[in-house]
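Have the viewer open and follow along by topic.

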Amino acid sequence: MTEKTDIIIQNIVATTSICRSLDLVSILKALDEGAVYEPETFPGLVYHLKDPKTASLIFSSGKLVCTGAKSVADVKRAIGIVVERLVKAGFEVDESPDILVQNIVATSDLHTQINLTKLAIAMGMENVEYEPEVFPGLVYRVRDPKVVALLFCSGKVVCTGAKRNEDLHLAMGKIRAELMGVGML
Amino acid sequence: MPEEDANTDSCPECGSTHLVRDYQRGELVCEDCGLVVDEEYIDQGPEWRAFDAEQGQKRARTGAPMTYTIHDKGLSTTIGWKNKDSYGKSIPTRNRAQLYRLRKWQRRIRVSNATERNLAFALTQLDRMASNMGLPRNIRETAAMIYRKAVHNNLIRGRSIDGVVAASLYAACRQCGVPRTLDEIATVSRVGRKEIGRTYRFMIRELKLKLMPTSPEDYISRFCSELKLDGTVQAKAAEILAEAADNELTSGRGPTGVAAAAIYIASILCNQRRTQREVADVAGVTEVTIRNRYKELTEKLHIKVEI
């Protein structure tokens, strides 16, 4: 099964709650460079980490959003680092918060050219969206797991909306099966 | 009288579709089993033979035909502006004020509630946009039909009337095989192309309309005539596109861009050269797009173009 290995996770978005309320201005002063807080443009404090390369958005409600991680382990590591630094700076935060993965974006390659027009007709116009005038890719919404896949004529696939790694593999498997079913693969 | 014509195209007894209209008796008869499906119906045909649409209109027995582009389907009556009674005698002065009031109220009552008022407003918008783009009757009817369906399914709620009208028009154009680009619709509408596209996708999904993705071929004749190119160029462009489709060069690319490039190449091959700028303006794409597609097409299809 070499098929499973070519799903590459590009981005993971996860949320967590580290305390009830935070004073972002004092956090901005306490954290080193990499922290940006501009209430005019964005209500949250953006904290960039070099390793793992992620951006954490910290809000005054104590909620934290971690974006840009390439694996679930990285998410945990990134949030751990942020929390640790906050604790070091003397803020009262939850040191082991529950992390909730909200979205996983992954890419894959079918290694074949796809004729999207034919595919759209073969898969039934009501199941897929293909408007070359608006977007060059074909949008295929998988019901279960609830994942949206974008298929491009180069054979590349972008998969978004998954909450778990297994969902990605399941969805890609379904897409492959679907494509096989209509004889496009 | 049946509400829709849809249920009278097959016999309820035997399911046969051989229904014959007997105009002498005013009956709709099944030819296979002899069942009278409908009786005493109105002969909507013209009085006698007509040789074109204009004559047909003139000789129609009844008034204006039913149309979906007017909110009451054009079936309501209006009190005429002439102060004459049914005998052609003029109405005495003392009754004129009354008639004036009646006329005023009838005009107001024509639109009975908010839903209908919205529909009337939407349909005038539709007509305005269609006239602006010079769209024919059948497309306007189709668009009005789609809009009415959208209203019926409660799809307008939460969306702007203008957006839904524009989306209906876009869908109607595609359904009739003469697609307009979203940009073209957006220029005559008050909403942006993104909004139109979004509403369109939503309506397609909810109304379960089945529309093929637009193909570059659909644009050729229109773009060619706008560029004042003749039939040979059109044929050549169509030929190029057919070949391009076989070589997987059209999938995943904007149909207008591919069409524009094909027309550009065809115009050079037929010695009726148009500049990239001219073609780009008509197609609503940039020159860069044309150059890219041009390169793809000429290289992959081995077309020799001497400039």
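Predicted model: local features only at pLDDT ≥ 70, side-chain atom pairs only at ≥ 80, totals over all residues.

The expected span of a helix is 1.5 Å times one less than its number of residues.

**A helix in chain B**
- Helix α4 of chain B covers residues 137–152, 16 residues in total, and its C-alpha atoms span 22 Å from first to last, close to the 22 Å expected.
- Its buried residues include I139(B), I146(B) and Y147(B), and also the charged residues R140(B), E141(B) and R148(B).
- Among the elements that cover the buried residues of α4(B) are α3 (114–133), α5 (161–175) and α7 (193–207) of chain B.
- Just after α4(B) comes N154(B), with a positive phi of about 60°.

**The sheet in chain A**
- Chain A has an open sheet of 10 strands with antiparallel pairing, in the order β2-β3-β4-β5-β1-β6-β10-β9-β8-β7.
- β2 (35–37) and β7 of chain A are at the edges with a single partner strand each, so one side of each has no neighbour in the sheet.
- Within the sheet, β4 (residues 54–58) and β5 (residues 63–69) of chain A run antiparallel and are joined by 4 bridges.
- S56(A) has C66(A) in β5(A) as its bridge partner.

**The second largest pocket**
- This pocket holds about 510 Å³ of space.
- β7 (128–129) and β8 (138–142) of chain A, together with α7 of chain B, each give two or more residues to its lining.
- Of its 22 lining residues, M125(A), E126(A), N127(A), V128(A) and R205(B) lie nearest the centre.
- By class, the lining has 11 nonpolar, 10 charged and 1 polar residues.

How values were computed. Residues numbered from 1 in each chain as written. Chains lettered and ligands numbered in written order. Heavy atoms only, no water. Buried < 20%, exposed > 50% of the residue type's maximum accessible area, 1.4 Å probe, protein only. Contact = heavy atoms within 4.5 Å. 1 Å grid on protein atoms, 1.4 Å probe; cavity = no way out; pocket = protein on both sides within 12 Å on 5 of 7 lines; lining within 4 Å. Points joined across faces, edges and corners; volume = space filled by probe spheres on them. Pairing = 2+ DSSP bridges.
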